[in-house]
Amino acid sequence: MSVEEVLALPAAVSVVTAAKAFGIGPDKAYELIKRDEFPARTISLGSTRKVSTASLWEALGLRR
């Protein structure tokens, strides 16, 4: 994903989208989440997991 695409993301995104921003695959992202090592804050919504876009930006060193 380009910087512009990452900065245009909504307030919370799917794990798959966050993984793309980090340049990793979704399997690796879920593995890191399971080990509590994912570099951005995740939010549980029932059986769904979302990633805080603000924490994604922070982990990538981006400012909006």
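What you have open is a predicted model, where local features need pLDDT of at least 70, side-chain atom pairs count only at pLDDT 80 or more, and totals for chains, interfaces and linings use all residues. Residues are numbered from 1 along each chain as its sequence is written, and side-chain values use heavy atoms, with hydrogens and water left out.

Next, switch to cartoon view. You'll find 4 helices and 3 strands, running α-β-α-α-β-β-α from the N terminus; these are DSSP runs, with helices (H or I) of at least four residues and strands (E) of at least two. The C-alpha atoms fill a box of roughly 30 × 20 × 15 Å along the principal axes.

Now select residues 53-60, which is helix H4. Show the side chains of Thr-53, Ser-55, Leu-56 and Trp-57: these are buried. What do the buried residues of H4 pack against? Colour helix H1 (3-7), strand E1 (12-14), helix H2 (15-22) and strand E3 (48-52), and you have the partners; contact here means heavy atoms within 4.5 Å.

Last stop, the surface: the chain exposes about 4,200 Å², and carbon and sulfur atoms supply 51% of that, by the Shrake-Rupley method with a 1.4 Å probe.

Methods
Buried means under 20% relative accessible area, exposed over 50%, partly exposed in between (1.4 Å probe, protein chains only).
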